[in-house]
Amino acid sequence: MGISSCHSSYLLLPAFLLLLLLIILCSSPFNSNHFTQLFKSFSPFSHEEINHTTTPYLSLDGVLSTSMYKSSKHKAVIIKKKSNLERIEEDLARARAAIFRAVQLKNLTSEKKEDIFVPRGSIYRNPYAFYQSHNEMIKRFKVWTYSEGDLPIVHNGPLNDIYAIEGQFIDEMESKNNHFRARHPDEAHVFFLPFSVTGVIHYVYKPITSVKEYSRDRLQRIVIDYINTVASKYPYWNRSSGADHFMVSCHDWAPEVSHANPELFKQFIRVLCNANTSEGFRPKIDVSLPEIYLPFGKLGPPNLSQGPDKRPTLAFFAGSAHGYIRKVLLDHWKDKDSEIQVHARLPKDVNYTKMMGQSKFCLCPSGFEVASPREVEAIYAGCVPVIISDNYTLPFSDVLNWSQFSVQIPVRKIAEIKTILQGIPNSQYLRMHKRVKRVRRHFELNRPAKPFDVIHMVLHSVWLRRLNFRLSP
């Protein structure tokens, strides 16, 4: 009996120890659920997570191995080989953690001593988050550009004129010297579909001989066929339902590529100049692209900007009556006031860019679509943009605080433009003028692209959206 009783006690002891171990682990600060909850609210750029994904997490690589296993030389450690997607998600988790730390510590230091630009001041919503996020993007971000498709409507786009940013971006992504170019799709964080909506319109839709031929069905079929091609050839689209895929277009028709099959494009990132929320633009998924007019063979207009004390004109606009907003503006102000110079056409002896450089405020009304090259033209000229628009999501609003370097006037107050602008104290105008000069670098086009320029800002907007969700293996 004694032996039997003692034997039973020995059998119960391992079970008791196992139960105790489970209790300790569940209450341990190293429990992964603790870190999941910590980073569930991580959102330095005020974005929510995409519904189809799981919560961002903090990778414990290097934490458990240096603490729990440091003194356990004789314990066998079974290392499970990680999938490519798991490695990508852990890389993103490390980036999130670094951004979070920079925000908490208000840190603007960089690992690179050669960094000459550090974002500071009120033009940024959170300069700490932006600076660290941009650095993490430079260090980690990889983009795979699909090679499928033929010229001229894929791998090609306009390099000049009003839609130039579309072609310039495609060309930069296709460049072998592109810093963000993934060597293999398995290492990519996002996937770029390099078709040109402008190219489709130019090569497929011309000539147009009837109103019926303006139908968007041909454009939509081409885009859907391209997606079906890459989705059938590679696993990446189906893996994420397109959430880590994006397109870039400045053409007015670009938002309509998704209208024929909204479910297919539900998570797809559309980088669009026509960022109109009343027409389906989704600020938390899509990206607002600045419209930049490029003269032939140039990367921007000439610099004719004057100092703030050499700007005799209070406000300036010149342009045709495209759309109802411009019509209202011209009806109220066309050739009626020497301080508010509004023209449908400039006299032949007046230089448009020079006039912007001599004006304190530049009026930027929407045309047929919400976007206009005038916002960027004003910034280049050192002229404070006056945004007159409805439902327009301004470019890079995740990062930039437009209220600090622009004036936004509702369409219903067009008649009050002079009163509103005259009511801005000179001291405030001078501060805004300085901020416009500082923000210019984020709208400058460089080839090859440079840190914090417009192409990097577009990529950073895509990077932010990729940071905001996690794909499950």
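User: Where is the place of valine 143, and is this residue buried or exposed?

Analyst: Valine 143 has its place in strand E1 (residues 143-145), where strands (E, at least two residues) and helices (H or I, at least four) are DSSP runs numbered from the N terminus. This is a predicted model, in which local features need pLDDT of at least 70 and side-chain atom pairs count only at pLDDT 80 or more, while totals for chains, interfaces and linings use all residues. Residues are numbered from 1 along each chain as its sequence is written, and side-chain values use heavy atoms, with hydrogens and water left out. Buried means under 20% relative accessible area, exposed over 50%, and partly exposed in between (1.4 Å probe, protein chains only). Valine 143, with a relative accessible area of 2%, is therefore buried.

User: Which residues does valine 143 touch, not counting residues up to four places away in sequence?

Analyst: Contact means heavy atoms within 4.5 Å. With those sequence neighbours left out, valine 143 touches Met173, Phe180, Arg181, Ala182, Ala188, Val190, Phe192, Phe246 and Leu459.

User: How do I read the packing of helix H5 and helix H15?

Analyst: Two packed helices are described by the angle between their axes and the distance between the axes. Axes are lines fitted to C-alpha atoms, for helices over the stretch in contact, and angles run from 0 to 180 degrees between N-to-C directions. Helix H5 (residues 127-140) and helix H15 (residues 454-467) meet at about 95 degrees, and their axes lie 10 Å apart. Because angles under 35 degrees count as roughly parallel, over 145 as roughly antiparallel, 65 to 115 as roughly perpendicular and the rest as oblique, H5 is roughly perpendicular to H15. Among the residues making the contact are Phe130 and Met137 of H5, together with Leu459 and Trp463 of H15.

User: How many disulfides are there, and which cysteines does each one join?

Analyst: A disulfide is a pair of cysteine sulfur atoms within 2.5 Å, and by this rule the count comes to two. One joins cysteine 250 to cysteine 273, with S to S 2.0 Å; the torsion about its S-S bond is about -95 degrees, so this disulfide is left-handed. Another joins cysteine 362 to cysteine 383, with S to S 2.2 Å, and this link, with 110 degrees about the S-S bond, is right-handed. Both cysteine 362 and cysteine 383 are buried.
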